Amino acid sequence: MILKKIIIGNWKMNPLTMKEAEKIFSGISKNLKNKKTEVAICPPFLYLEKLGKISKKVSLGAQNICLENGVGSYTGEVSAEMLINIKAKYVILGHSERRAGVLAPLSGESNQDVNKKIKMALDSSLVPVFCFGENERDENHEYLIFIKKQIEECLEKISKENISRMIIAYEPIWAIGKNAKREATPAEFREMSIYVKKILSDKFGIKINMPRIIYGGSVHPENVQGFLAEGADGFLVGRDSLDVKKFLSIVSSAETNF
Ligand code: PGA
């Protein structure tokens, strides 16, 4: 089965008001001409339900879920089941901005937390968008050991059928956000994608039905073609997903790349 390419917007803690959120979301959904690609937006929790009523052309996702499901005494948390109830489809998990020891650790999630959340999402039929990536690259390629451990621990005891349903996003930390050193090169993405597929095959027994492997980190309309040419199954877009014109241009590039 050939899976559609997917372009996911990670709005992070943006924009400031519901009105602005509606404006950006409507701008995207009204002008979207996607046939061969799937498009999803992951806004802050409080905008999700209202945006879902604007258009069904754009799927919705969250940026986190609670370690516990259903309901309970977990102050400030939102469960996977609650998200399913408002028709969210995806959830970004393991993003470096939520992990321990990198950038601004808001909650300091460990690989074990991410693993638990991925299982929770899968059990509730949310599709996890699992982010992984190294903080920096060293000449001796030690970062590949770090990546292997990250993937193996985050996906531990998850069946190959479930991994095939997930979206795996390579997000090198040094390439993310406005302070990024640089974006990754398409060749670097390709190497990483091969490496991940090898881990998924060796450790998890996935030989066919590989999950979609997408790229994130300073994705812009100008650089998407290069990644697509090297086999990217889509993108996780931060800043440019808040800019209607740029986001639509990224989608239309993916549409024409077949
Ligand atoms: P960026 O963010 O596109 O603004 O670099 C990507 C991400 O963190 O998902």
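Author: Happy to! A pocket here is an open set of points on a 1 Å grid over the protein atoms alone, where protein lies on both sides within 12 Å along at least five of seven lines, and its volume is the space filled by probe spheres set on the points. Please keep in mind that this is a predicted model.

With that in hand, the largest pocket has a volume of about 970 Å³, and the ligand takes up space in this largest pocket. The lining of the largest pocket is made of 38 residues, with N10, K12, M13, H95 and E97 lying nearest its centre. Sorted by class, that lining has 17 nonpolar, 13 polar and eight charged residues.

The side chain of R239 has an N or O atom 2.7 Å from an oxygen atom of the ligand. G177 takes part through its backbone, where a polar atom lies 2.8 Å from a ligand oxygen. E171 brings a polar side-chain atom to 2.9 Å from an oxygen atom of the ligand. On its own the ligand has 290 Å² of accessible area, and the protein covers 99% of that.

Technical notes
Residues are numbered from 1 along each chain as its sequence is written. This is a predicted model: local features need pLDDT of at least 70, side-chain atom pairs count only at pLDDT 80 or more; totals for chains, interfaces and linings use all residues. Side-chain values use heavy atoms; hydrogens and water are left out. A polar contact is a pair of N or O atoms within 3.5 Å; within protein, one must be able to donate a hydrogen and the other to accept it, and residues adjacent in sequence count only if both atoms are side-chain atoms. Accessible areas come from the Shrake-Rupley method with a 1.4 Å probe; for residues, only the protein chains shown count as cover. On a 1 Å grid over the protein atoms alone, a cavity is a set of points where a 1.4 Å probe fits but cannot get out, and a pocket is an open set with protein on both sides within 12 Å along at least five of seven lines; lining residues have an atom within 4 Å of a point. A molecule sits in a cavity or pocket if more than half of its atoms lie within 2 Å of its grid points. Ala, Val, Leu, Ile, Met, Phe, Trp, Tyr, Cys and Pro count as nonpolar, Asp, Glu, Lys and Arg as charged, and the others, Gly among them, as polar.
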